Structure formats: structure tokens, C-alpha cells
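Me: I'd like to learn how to read a few features of this model. Could you take me through them one at a time?

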Amino acid sequence: MVIHSVDLLYVISGFAVGTLVGMTGVGGGSLMTPLLILMFGIHPATAVGSDLLYAAATKTGGTLVHGLNRTVDWRVVGRLAAGSVPMTALTLLALSQLDINSTAARGLITTVLGTALFATAAVLIFRRRILTLYARRVGELDARRTVTLTIVTGAILGVLVSISSVGAGALGVTALILLYPQLPTARIVGSDIAHAVPLTLIAGIGHWILGSIDWHLVGSLLFGSLPGIVLGSYVSARVPDTVLRLTLATTLIIVGSKLVL
């Protein structure tokens with residue numbers, strides 16, 4: 001009886017997070033991983049690993065849709081992956097040297113997770129100012145620097161996502177807007193989602209090898225989140241963007257503070 005009630009709570013949580021992801025476009029890791037740690041008391045490593053495979057499944061569906069709509073720039077995806085895939089492998093190798101269930105690993109994951117949540121919240125609040133300041137100070141980069149910085153961006157995302165499962169959403173999209181101002185927003189979002197598939201899949205498999213995956217949890221979250229994403233996408237057009245961003249940013253700041261403190 002208890003198992004069934006816990007399953008139901010996971011499904012409801014997946015639905016709630018899926019709805020918010022559909023409404024805001026922010027990656028589920030920013031919401032799901034902290035929820036699993038703070039509300040359900042799941043070990044940070046298990047929360048991160050399970051969320052990564054959960055994200056890989058949901059991002060695959062999103063990539064198929066964007067691919068059919070021709071809103072994925074595969075050159076950009078390849079450049080990001082050139083940085084993220086090797087750094088993901090190196091980060092997982094470093095994590096394997098720790099006892100993934102140790103106090104040190106718990107502290108590392110929660111600290112990086114909290115920092116990533118603060119960064120995501122800042123981007124949500126100040127995105128327009130960041131873009132304006134960047135356009136005024138830097139402008140459009142030449143092709144060579146754009147390629148180099150895209151690979152570096154992928155590498156940073158690889159480290160962040162492997163440790164915390166956060167980073168491939170708001171942070172990735174904002175970085176791509178800065179680097180590729182000429183690309184339509186739909187292609188920016190589509191490329192970011194497509195890149196998140198190999199990133200979260202490789203990181204998720206790495207955590208599986210490390211023993212930090214709860215498959216029962218992954219299935220329950222997927223069962224709830226898929227209809228939630230559909231509902232959130234429908235509702236998003238009916239709620240002011242500013243209200244959504246500020247509400248979500250405030251939530252991330254509160255959650256990040258609880259994790260770090």
C-alpha cells in the first residue's frame with residue numbers, strides 16, 4: 001500500500017514538473033532533481049542519475065518534433081557535443097573515484113546543484129539585460145570564435161549536467177542566443193533540446209554504471225510528466241511570460257538556498 005502511494009506521488013510530481021517545463025521551457029533538472037532531494041529525501045546522486053535518464057527520454061520526444069519541423073541546426077548540435085561529450089566522460093570518471101554515496105559526493109552534488117539553480121534563476125530574471133549588454137559590448141562574433149566558444153559552452157554544460165543534471169535548459173538556450181543571434185528562436189530551442197539528448201543519455205548511462213539510478217522512479221516520473229508537458233505547452237500561451245519567469249526564478253532561488261544551506 002505504501003509503495004503504491006509513493007508511486008502515485010512520483011507520478012504527480014512528474015506531472016507537475018512536466019507542466020512547468022511545458023509552460024516555461026526550462027529543463028526539468030532545475031525542478032525535478034531538487035524536488036526529489038528535498039521532498040522525497042532521495043540521495044542526491046540517485047536523484048541526479050534518475051533525472052538524467054528521465055530527461056533523455058523526454059528530450060528525445062522533443063527532438064523528434066523539432067526535427068520534423070526542421071527547427072534543429074545540426075551544426076550547432078555537433079559543436080556543443082564536441083565539448084560536452086568528452087567533458088561528460090571525464091566528469092563521470094572523476095566521480096567514479098569517489099564513493100557516489102559518500103558525504104563528500106553528497107556535498108559536491110548539492111553545492112553544484114545549488115549554484116546551477118542560482119545561475120538559472122539569474123538568467124531567467126536578467127536574460128534581456130544580458131542580451132542587450134552583450135550585443136552592445138561584444139556584438140556578433142566571427143565564425144572561428146563562434147565555433148570555439150560553442151565547444152567551450154558544451155564542455156561547461158557537460159560538467160554541470162553530469163554533476164547536477166541542471167544546465168541544459170535556460171543556461172544552454174541563453175548561451176546559444178548570445179553566440180548565434182541570427183538564428184530564429186525556434187532553431188535555438190530545437191538545437192538545445194537535440195544536444196541535451198546525447199548529453200543526458202551519456203551522463204545517465206555513466207550514473208547507471210556508478211549505481212545511482214532508480215529505474216522504478218524513472219518510470220513513474222515519465223508516466224506523469226509526458227501528459228504534463230502537453231498540458232503546459234497548451235497553457236503557456238495563456239499566461240504572461242514575465243509572470244512565469246519571475247515565479248520560476250523565485251522558486252529556484254528558494255530551492256537553491258535550501259540545498260546549499
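Reply: Let's start with exposure: buried means under 20% relative accessible area, exposed over 50%, and partly exposed in between (1.4 Å probe, protein chains only). By that scale R75 is exposed, since its relative accessible area is 54%. Keep in mind that this is a predicted model, where local features need pLDDT of at least 70, side-chain atom pairs count only at pLDDT 80 or more, and totals for chains, interfaces and linings use all residues. Residues are numbered from 1 along each chain as its sequence is written, and side-chain values use heavy atoms, with hydrogens and water left out.

Me: OK, on to charges. Which residue forms a salt bridge with R75?

Reply: Side chains of opposite charge can pair when their charged atoms come close. The cut-off here is a side-chain nitrogen of Lys or Arg within 4 Å of a carboxyl oxygen of Asp or Glu. R75's partner is D73, with the closest N and O atoms 3.3 Å apart. D73 counts as buried because its relative accessibility is 5%.

Me: How many salt bridges does the structure hold?

Reply: Two. In the other one, D73 meets the side chain of R187 at 3.8 Å, N to O. R187 sits in helix α8 and D73 in the loop between α3 (44-68) and α4, so this pair ties together parts that are 114 residues apart in sequence. Shared partners join D73, R75 and R187 into one network. As for R187, a relative accessible area of 24% makes it partly exposed.

Me: And how do α4 and α8 pack?

Reply: Two packed helices are described by the angle between their axes and the distance between the axes. Helices are DSSP runs (H or I, at least four residues), numbered from the N terminus. Axes are lines fitted to C-alpha atoms over the stretch in contact, with angles from 0 to 180 degrees between N-to-C directions. For α4 (residues 74-96) and α8 (residues 185-210), the angle is about 15° and the axes are 9 Å apart. The two are therefore roughly parallel, a label for angles under 35 degrees.

Me: Last one: which residues form the nonpolar patch on the surface?

Reply: Patch residues have over 30% relative accessible area and no salt bridge, with nonpolar side chains (Val, Leu, Ile, Met, Phe, Trp, Tyr) joined within 5 Å. Here they are F118, I125, F126, I130, L246, I253, V260 and L261, with about 700 Å² of accessible area together (Shrake-Rupley method, 1.4 Å probe). The elements giving two or more residues are α5 (103-137) and α10 (241-260), and α5 gives the most, with four. F126 is found in α5 and counts as partly exposed because its relative accessibility is 38%.

Conventions: Patch = residues over 30% accessible without salt bridge, like charges linked within 9 Å, V, L, I, M, F, W, Y side chains within 5 Å. Parallel < 35°, antiparallel > 145°, perpendicular 65-115°, else oblique.
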